[in-house]
Amino acid sequence: MIKIRSLVLVLVLMIPATTFAQAPAANRNWNAFWAKFTSAVNRKSRASVKSLMASEKDFFSGGGGESRDEWLTMVEEQKWWGLLQKSVRRGVKNYNYDGKPGRVTKNDHLIFAYIGGRWRFTGPMGD
């Protein structure tokens, strides 16, 4: 019984340790990612934004259920580039993304997470 408790305790303690271990690398890599993302949004470059997005599995369209391509089409058709640019200009704040290092724009519109050793745009904030 004591061995099982010890094992459970070790496993529980490892989860935050993994998150903390990612934080220094995430912080080091943030500025380069943010510069690329900001440039992509300011240029209204669908291809560049898509290259910085999370995988389809990790992407969340804000509650509408759209795929990454469908969401980007909405951005273009609804002329949301200006809204994205405004959100990016406000900067970001730290955000806990399911236990991973994350950031969210200061207007709580766009979410970013450190996934698989690199920053990714995970989508707009949902309702």
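What share of the 127 residues in the protein is buried? In this predicted model, buried residues make up 35% of the protein.

## Overall layout

The secondary structure of the protein consists of four helices and four strands. Read from the N terminus, the elements follow the order α-α-α-α-β-β-β-β. Helix α1 covers residues 2-42, and α2 covers residues 46-51. Helices α3 and α4 span residues 68-77 and 81-89.

## The sheet

The four strands form an open sheet, arranged in the order β1-β2-β3-β4 with antiparallel pairing. Its edge strands are β1 (92-97) and β4 (118-124), each of which pairs on one side only. On average, and with direction ignored, neighbouring strands of this sheet are turned by 30 degrees against each other. As a general point, strands of a sheet pair through backbone hydrogen bonds, and the pairing is either parallel or antiparallel.

Strand β2 (residues 100-105) is joined to β1 by six bridges, and the two run antiparallel. Two of the residue pairs can be traced in the structure: V92 has T105 as its bridge partner in β2, and Y97 has K100. On its other pairing, β2 is joined to β3 by three bridges, again antiparallel. Here V104 has I111 in β3 as its bridge partner. Five of the six residues of β2 are buried, so this strand is largely enclosed by the rest of the structure.

## Turns and positive phi values

The hairpin of β1 and β2 has two residues between the strands, and D98 in its turn has a positive phi of about 50 degrees. The hairpin of β2 and β3 has four residues between the strands, and D108 in its turn has a positive phi of about 60 degrees. In general, most residues other than glycine have a negative phi.

Positive values also occur in loops between helices. K44 is found in the loop between α1 and α2, and its phi is near 55 degrees, a positive value in a residue other than glycine. K79 is found in the loop between α3 and α4, and phi of K79 is likewise positive, near 55 degrees. K44 has a relative accessible area of 46%, so it is partly exposed. The relative accessible area of K79 is 68%, and K79 is therefore exposed; the cut-off for exposed is over 50%.

## The nonpolar core

Which residues have the most contacts inside the largest nonpolar core? They are F37, V49, W71, F112 and F121, in a core of 23 residues. Two or more residues each are given to this core by α1, α3, α4, β3 (110-115) and β4. The largest share, eight residues, comes from α1. As a general point, nonpolar side chains tend to be buried together in soluble globular proteins.

F121 and V49 are 72 residues apart in sequence, while their C-alpha atoms are 8.3 Å apart in space.

## The largest pocket

How much space lies in the largest pocket? The volume is about 170 Å³. Of the 14 residues that line this pocket, S61, W71, W80, H109 and P124 are the closest to its centre.

Helices α3 and α4 each supply at least two residues of the lining. The largest share of the lining, three residues, comes from α3. By type, the lining residues divide into eight nonpolar, four polar and two charged.

Technical notes:
Residues numbered from 1 in each chain as written. Predicted model: local features only at pLDDT ≥ 70, side-chain atom pairs only at ≥ 80, totals over all residues. Heavy atoms only, no water. 1 Å grid on protein atoms, 1.4 Å probe; cavity = no way out; pocket = protein on both sides within 12 Å on 5 of 7 lines; lining within 4 Å. Points joined across faces, edges and corners; volume = space filled by probe spheres on them. Nonpolar A, V, L, I, M, F, W, Y, C, P; charged D, E, K, R; others polar. Pairing = 2+ DSSP bridges. Axes fitted to C-alpha atoms, helices over the stretch in contact; angles between N-to-C directions. Core = buried A, V, L, I, M, F, W, Y, C linked by side-chain atoms within 4.5 Å. Buried < 20%, exposed > 50% of the residue type's maximum accessible area, 1.4 Å probe, protein only.
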